[in-house]
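Dear colleague,

I am handing over the structure below, and my notes on it follow. Please read them alongside the sequence and the coordinates.

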Amino acid sequence: MSINRSNAALYQSEGLKLLYGNSLLGIIIGFIASGILTFTFITNVHFAAKMTWWLMLSAVLFLRLIDTLFWFRTPDSAKNHTRWQLRFSLGCLFTAALWSAYGVLFFPSFSLAEFTTVVVILSALAGGATSTLSGNLTIAILYNLTILAPFSLTMLAQPETWQSNLGILGMCSTAAMIVGAIRSTRYTREVILLRDKNKMLVSNMEDTIRKRTQQIYEISHIDSLTGLYNRAAFLSAAEDICSQYREKHIDGFCIFFIDLDGFKNINDTLGHDIGDRVLHTLSARLYEFYRPGSQVCRWGGDEFIFLLVNGDKYAAQQLGDEIVRSLSRPIIVDGQKVTLSATIGISVCPEHDTSLTRLIQLADIAMYSQKGKYPERVAFYNMELESNLLRKIALNEALKTALANDELRLMYQPIVNPQGRIVSFEALLRWHYQGSDISPAEFIPLMEQSGRIVEIGKWAMEEACRTLLEIQKRRPGVAMCVNISMIQFYDKEFVSNVTQLLSTWQIDGSSLHLEVTESIFNAELQVIYQKISALQQQGVRFSVDDFGTGYSSLSVIQNINVDYIKIDRSFINNLDSKGLAIVEAVMNISQGLKFYVVAEGVETAKQRQKLIKCGVHFMQGYYFSRPLEYAGTLALLETDSLDVAAQ
Ligand code: C2E
Ligand code: CA
Ligand code: CA
């Protein structure tokens, strides 16, 4: 119903447009035809009447002309269609009535020529109207009836047969014209509705295209998980900010490279679903820092980038701290409390660079090196960080081939008893690379990070065992201490490798001492305890290295049978103050827990003296010997005591 009503309204308004659109031509033709008719057949008879008729028609046509011009000048929105339709109908039907009046009133005085002309003009007007008035059915019918019917009826009433026959013909053509008008109106109506439908279709299509374009934009610019900008979108927005800097519209900007701490753990232990929700929550928290002009995006995985426009270093530090604080707040997912944090690296434009890619790289470097030291903090980029990182990358690359290139070797440092007699050697790894020795403090962590320590550690243990055999040929009972990284313990084959090594070289388990750091006891991993005790059952001894520097307490050490505790060099260095108390405390406990104590880093006779006084079981340090090459190690065995003071 409502559709029909709106169709009717549409036809009314569009039909009116059509009527007024055709009106001008009708007015001109009407004016010309009336002039020709009047002035061709004007005689003294009816002179005044015909002139009056012509003036009346001209006046009506003139009024219609004004009305038409008004129509075109009035904006569509201000048009009252019913009123305009009434005005048009009146003008049009009044014109028709005047034409009809001419035919009826002046009929008695028509010559054959005038009669023919009138018939032709009226027929032409009626014929033309079927199409020009097709914008409104009622007007079209009334116009035709008004123009043709009275004249036809007048003829019909004539006594002459040809005239009454012409009258019948006139009535027939009136009917035909009306049928024609109905058809043409219907056709026009359909065209109008169809055109409107097409317009609707096109606008719907445009709407669909707009929606699709929006969807495509979102897919290509928005990260679906977090709703933040993705990498591509960020880069293009950030490039604009770079151009603003180059054009001096802004003073500069800071790039924050944000990396979540501990996210991998969440994914691994609680599953990807929870991981996704955690990311979603943290992204929302990050977005709270968004301000107009800044940018924030998910760079990938658990990395985000925040761009701060015009911020100085102080403001950047403040913002970075706030972001870390916000991301460190606990999250509740599925009733579980999850706490993560973030490490942020910041680079500043123009201080550090002006290229966007480079600034992102620098912020990444700052983040990465901060994470390696103290995560959950904010760090600014500086040149040193980058050269450190480049060196790390280069060394890491070189480590891949270090073993194959024969760049690795072991040195051995003796461990002695209070009399200075060698009881064991500690195998210490050396890397000679491009003409210089790289410190183990530098390359061991790199090997641990890359996991290469598993392969190299295995090689070192074999190498140490081979040396041990040579040592034992000269001094049976001397043991070999090998440093073992936590990573090596995770290796499935660790225990079987050691077992195999002992049996291949026919080494007594008690001659092999494995040095592990305190952190191993923090892990509280049952697997690691099991591996340690499996090896202890074969006689292998365990030493806790660098004792006192880690986080473990002596109570943890109770859980496992430790054979040796090596007190870290920093305490031995400090025997005059705190160090002595530590040594004494460890010595006390050693009696209860039954482990031996080794003092590391003994450099002076005074230190040696104090340590012996404390009852330390063994000592190691430059005072006795520096780490030695293979040949030097074997040669050292010729010496009975390394302790000058004891000799
Ligand atoms: P660490 O296990 O504590 O090894 C003892 C370190 O102290 C050695 O340094 C040694 O040269 C040094 N040292 C010995 N006596 C003295 C002294 O009197 N004064 C001073 N100032 N230093 C002394 P190095 O060889 O540089 O080794 C550093 C660390 O690298 C080792 O510390 C150990 O944690 C690690 N490392 C060395 N070789 C290996 C290995 O084969 N495997 C593993 N996993 N780590 C190793
Ligand atoms: Ca050690
Ligand atoms: Ca040590």
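Which of the 19 residues around ligand 1 come nearest? They are Q413, R430, D545, E603 and Y622, where a residue counts as near if one of its heavy atoms lies within 4 Å of the molecule.

Before going further, please note that this is a predicted model, in which local features need pLDDT of at least 70 and side-chain atom pairs count only at pLDDT 80 or more, while totals for chains, interfaces and linings use all residues. Residues are numbered from 1 along each chain as its sequence is written, chains are lettered from A and ligands numbered from 1 in the order in which they are written, and side-chain values use heavy atoms, with hydrogens and water left out.

Turning to the polar contacts (pairs of N or O atoms within 3.5 Å), an oxygen atom of ligand 1 is 2.8 Å from a side-chain N or O atom of D545, and another contact places a polar side-chain atom of N483 3.1 Å from an oxygen atom of the ligand. L429 contributes through its backbone, with an N or O atom 3.0 Å from a nitrogen atom of ligand 1. Taken alone, the ligand exposes 790 Å², of which the protein buries 83% (accessible areas by the Shrake-Rupley method with a 1.4 Å probe).

As for the shell around ligand 1, the elements that give two or more residues to it are β9 (422–433), α13 (440–450) and β13 (541–547), and β9 supplies the largest share, with 4 residues; helices (H or I, at least four residues) and strands (E, at least two) are DSSP runs, numbered from the N terminus.

Two backbone details also deserve a look. The peptide bond from C349 to P350 is cis, with omega near 10 degrees, and P350 lies in the loop between β6 (341–349) and α11 (356–373). Q434, in the loop between β9 and β10 (436–438), has a positive phi of about 50 degrees although it is not a glycine. Most residues other than glycine have a negative phi, and most peptide bonds are trans.

With best wishes

Notes:
A polar contact is a pair of N or O atoms within 3.5 Å; within protein, one must be able to donate a hydrogen and the other to accept it, and residues adjacent in sequence count only if both atoms are side-chain atoms.
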